[in-house]
Amino acid sequence: MVRNAWQRWLDRRLPRARQVRLDQRGIFILPSGYGYLYLLVAVLLFFGGINYENNLILGLCFLMIGLFVVAILHTYRNLSGLTLRAGGARSGFVGGQGSLEVVLIARRRGHRALWLRWLEQTAQEVSVERNEETGLWLNLPLTRRGARRPPRLRVESRYPLGLLRAWSLVALDQVCLAWPRPQQGAECPARGGDRERRPAPAAQNGSEEFRGLRGYVPGDALTQVDWKGYARGRGLNVKLFDEPASGRLWLRYDLLEGVPVEQRLSILCDWVLQLSRENRPFALWLPGAELPPGQGDEQRRRALDLLARHGEAD
Amino acid sequence: MARIYQVPSHARGWLTLAIIATSLPQLSDGPWWQSGLLLLVLGWRALVDRQRLALPGRLVRLVLLLATVAATWQSYGRLHGPEAGSALITALFALKYLELVSKRDAYVLIVLGYFVCATILLFHQGPLAALYVIGCLALLTASLAGINYSDTHARRRQHLGVAAVMLLQALPLAAILFVLVPRVAPLWNMQLDSGQARTGMSDSMSPGQVSRLTESAELAFRVQFEGQAPPPRQRYWRGLTYSYFDGTTWRQARPPGWSDRDTVYGGRGPQPDWYRDLRAADSGPAWRYRVIMAPSQQRWLYALAVPFTDLDGLALARDLRLVADAPVTGPLSYRVRSVPAAGAGATLDGAERELMLSLPEQGNARARRLAGEWRRRYRQDDALVRAALDYFRQQPFFYTLEPPPVTGDTVDRFLFDTRRGFCEHYASSFTFLMRAAGIPARVVAGYQGGEANGDYLQVRQYDAHAWSEVWLDGRWQRVDPTAAVAPERIELGLRQTLRNLGADQDGEGGGAFNRVPLLFQLQQWADYVDFNWQKWVLGYRQDQQRAFLERLLGAVTATRIALALLVAVLVTTALLALLVLSRRRDDPTRPLEREFRRLRQALRRRGLELPEASSAAVQSAVSGRWPGAATAAGHWRRYFEYLAYRLDQEPSGGQLRQLARRRRALLRALGR
C-alpha cells in the first residue's frame, strides 16, 4: 500500500524518459551511516567542550558541523546537472542476463564517484569529468520472456566527504529483450523442403549448390566468409549457396500442438540456435508474425526477437 | 555488496600525513614511548606497502594493544583523566593505522583523528594551536575526500584543494554557531590536573620567595578597565594575606575554630555579618574592570582593594580578596567593581584581632625593643606608623634583588645588620614591628603596577610585590615600607627601578627584549593578539556571551537566540549554496578559449573588431593595423596554434602562462 503510493508519487515526480537531467526534483539527500557517526562525534565534542569549559573544543565541534552543512551542498552539487540517456541494449535468454547501456553526460561540471545500480544489484562506480560522456553497461537479470523494462536506476554518490548520500531514482525509457530459454525438442517443428521434418544432422554445405560470391555485409555469418579468398587478397566475400533442392525450411509454431505456449517458443528457440549454428537458412512462422527465409547472425537475432516478443500487444 | 572497498593509494598519503600531524603535539608533550610507537607503526606500514612484510596478525595486534595500555598505566598511573586519556587515544590512533585495509578502517581512523584534535586543544589554547588544529582538520578532510573518490587517476593534490575549499566555506557557519550557541554550565565537573608547576605566588612567604618571581616575565594576568585606569602607585593587586608568623615564614591563617563559613562568602546561603557590613559601606567612587587570569593552578584571584563581583564561581573572603571556587587551570576572566571606601565596613574583634597581633614567643629581641621604644614615645597609632616609615626612610636601607642571606632572627638581622632587602623583607619586618608595638597588622602579597598595552594592562610575574596593612581608625590601611625605601619601585615599576640602580642583571625574560625595541614591539603585538584571543575566544563564556548578545539582540531570551541562530544559519547556508551551485563557477570553456577571448576583448577595447575568430585572422588584422606589432602577433599565433593543435594533451599551467606573456607582449607592442 505504502509502497504503491511511493511508486505512484515517484512516477509523477520522475516520469520515465529517454533522457533525464538530475535536478532538485529528483535528488534526495540524507546522511550516510558514517555521517551519523560524524555527527555523534561532534555532539560528544560539544559536551566535552562544555564540561572542560574549553571554547576551542566547542569551536572544533562547530567547525565540524559547518563542514557537514557545506558537505550537503557539495554532495548535492555532485549529482546536480548530471544527464543520463538510455543507450544500447543487449538481449539475453531467460535465466541469463541482458544488459543495458546508460550514457552519463557531464555538461557543466564533473560528477565523481557515482554508484549506479538497478535496485538490488551490485553497484558500478564511475566518474565523468566535465564535457565528457561515458557509457556504462549494467547487467539485468532476465526472469520472464519478453520485453523487460528495467526498474528504476539508482544513481548514488557520497562524494566528496562520504558524510551524506545523495541519490536519485531514474526511470530510463529503455527495453531489454528476454529471449525464450532454449529447450531441446524431439522433432523439428518445420515444414517445407523435402517434407522431412528433421534435417540430417550431418547436412553439410555439400547438399547445397554453390552459386557464387558477394561482398560481405555486417551480419553475415562468419562461417560463410570465403576465408581462402580473403587470404589470397580477394577481399572479404561471402559464399552464396542455392537453397537446397528440397526447398525452404519453415519453423512453425502451429506444428507443436498440445505443447504450452512458453515451451513451444523454447523449442523453436532451440531450433533457431541449432540451425544458425549449422548455418542453414530457415524461416519462422508465428501466429501474427512471420520471418522470411534467411540465414546468418542477423536472421538469428531477428528470429529470437520475434520469439521474445510473441504475444505482446505491440 | 560483499566487496571490500580498499583505501585508494592516492588517499593514503593524506591519511599518513594527518596521523603524523595530529599526533605531533601529544608526542612532544607525552612520554617517549609514544613517538617510538608511531615510528614503529609508520615503519611497519612502509614495509608492508613495499611488500617486505606482512600486516600484523591478530595476536601481534593484541600484544601491541596490551603493551600500549600497560605503558599508559606506567606513565600516568591510570587510564582515565585527560592526560592519560589523550595519550591512550593517540596511541590507539597509531595502532589503528597499522591495520588499515578497507575504507571502513579509514573511517574509524578519521573519527579517532577528530578526538585527537580535541585533545590537542585541551592542553594548547593559543591562536597558533587553533590554526594548527584547523590544518589537521584539513588533512583529515582531504583523507575523507580521497577515500570517497576511488578513481585511479584521481590526483593527490585535488583532495587537499577540495578540503580547503570546504573548510573555508564552513568557517562562517562555525563562527555563527560559536557566537550564538548558548554556553551552558558544565554538566559534571572535570578538572585538568596538568600538574605543571607554575611560577606565581604561594600560600606562604619566606625571605627570598618573591624576589625569585622577579626573574620571570611570564604573564600573571591582564586587566581591562572600563574608563580610566588608576595611576601606577594605586595599583596594588591584592592576592593573599598572611597573618601568622613563625619567626621565618609568614602564612595564611584564620583564628582557631573558624571555618570557611566564617571567612568566605560565595553567594550561597544567608549573607554573613561581615559581608553585610562591607556591602553597607559600599559607596563612593569605584574602579570597574575585567581581569583575565593566566592559569595559576591556585584558587586565589587578584583585585584592587574591596572587590565586589557577581560571586558567580568566585567568593569574597573576609580579608577583602577574591577566591575562585576551583584552582584556575584554564584561562579565567572575571568582572570586578572595587570600592576603596568600602574598607570602612571591615571589623576586627576578639580572636581575629588576637591573630593579627600574634608573634612568636621569643626571638628578634632588638626589633621588639625598638617597637617598645616607639610605643612609649607615640601615643597615637598613626604617629607610630609614620615614625616606623621614617625609620626605613632615614636609616641606610637598600632595595636590592639579591639581598644577603639571613638566618636565625631574620627580622633583627635585616633591620639592624644587613639592611639590604627586597619587598618581602620590608613588609615582613614592618609588620613584625607593628605587631610588636601592639598595632594589628598583616602582610599582603600580590602584584603591584602593570604595563599598559593598548587598552589593557599586563601584569607579569616580576610585578610580584608584598606590602603591609595595619588596622588604623577602624579599617585596614595599606602601608608599603618598600615605597619608603625605593619610591621609584612603586612609581616606575621594578624593571625601571633596577635599570636606574644599574643592577639590570635580568638577562632573560623581559629584560632582554628591552634592549631591542623591535623585538619588544613584536612582543607587545603578540601579547595584544593573545589578549584579544583570551578575551574574545577563550573567555567567551556565559556572562560575556550574555553581554554580547544583549547588545546584538536587545534582550536575551531563548526564542530570540533560537530565531537568530536559525536565521543566521539559513541565510549563510543559502549564500553558500549560491556560491557552490552557481553556474558561473562551472565555466565550460577550456583555458585556451579563455585566453583567446581575453585577447579579442583587449583588441576590441582598442577599437579592433574581429568578426572571424581564428588565430590567423587575429594575426593578419593586428599586423594590418599596427605594423609595429606584427612580430609579436606572429609569436603569439605560433604559440597558440602549437598549444591548440599540435599538443596531444591539455596545455600545462606553465605553457598557459607563457601564452599569456606573449599576449601581453603583443598588447604592449600595440602601444608603441
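Biologist: What pLDDT does chain B average in this predicted model?
Modeller: The model is predicted, so each residue carries a confidence score from 0 to 100. In chain B, 91% of the residues score at least 70. The average pLDDT of chain B is 83.

Biologist: Which element of chain B has the lowest mean pLDDT?
Modeller: The elements of chain B span a range of mean values. Helix H6 (residues 127-147) of chain B has the highest, 94. The lowest, 46, belongs to helix H19 (residues 510-515) of chain B.

Biologist: How many contacts beyond near neighbours in sequence does the model have for residues 502-513 of chain B?
Modeller: The pLDDT of this stretch of chain B is below 50. Where pLDDT is low, the predicted coordinates should not be read in detail. With that caution, the count for residues 502-513 of chain B is 19.

Biologist: And over residues 190-198 of chain B, how many contacts lie beyond four places in sequence?
Modeller: Here too the pLDDT stays under 50. For residues 190-198 of chain B, the model has 14 such contacts.

Biologist: In the open sheet of three strands in chain B, what is the strand order?
Modeller: The pairing in this sheet is antiparallel. Strands E6 (264-265) and E10 (322-324) of chain B each have a single partner strand, so they stand at the edges. One side of each is therefore left without a neighbour in the sheet. The order in chain B is E6-E9-E10.

Biologist: Which residue in E10(B) stands opposite Leu316(B)?
Modeller: Strand E9 (residues 314-317) of chain B pairs with E10(B) in the antiparallel sense, over three bridges. The residue in E10(B) opposite Leu316(B) is Leu322(B).

Biologist: What share of chain A is buried?
Modeller: Chain A holds six helices and 18 strands. Among its contacts between residues at least 6 apart in sequence, 69% join residues at least 24 apart. Of the 314 residues in chain A, the buried share is 36%.

Biologist: Which element supplies the largest share of the side of chain A that touches chain B?
Modeller: Across the two chains, 44 residues of chain A are in contact with 47 of chain B. Helix H2 (33-51), helix H3 (55-79), strand E6 (111-118) and strand E7 (124-128) of chain A each supply at least two residues of that side of chain A. The largest share is 18 residues, and it comes from H3(A).

Notes. Residues numbered from 1 in each chain as written. Chains lettered and ligands numbered in written order. Predicted model: local features only at pLDDT ≥ 70, side-chain atom pairs only at ≥ 80, totals over all residues. Helix = DSSP H or I, 4+ residues; strand = E, 2+ residues; numbered from the N terminus. Buried ≥ 20, exposed ≤ 12 C-beta atoms within 10 Å, placed from the backbone. Contact = placed C-beta atoms within 7 Å. Pairing = 2+ DSSP bridges.
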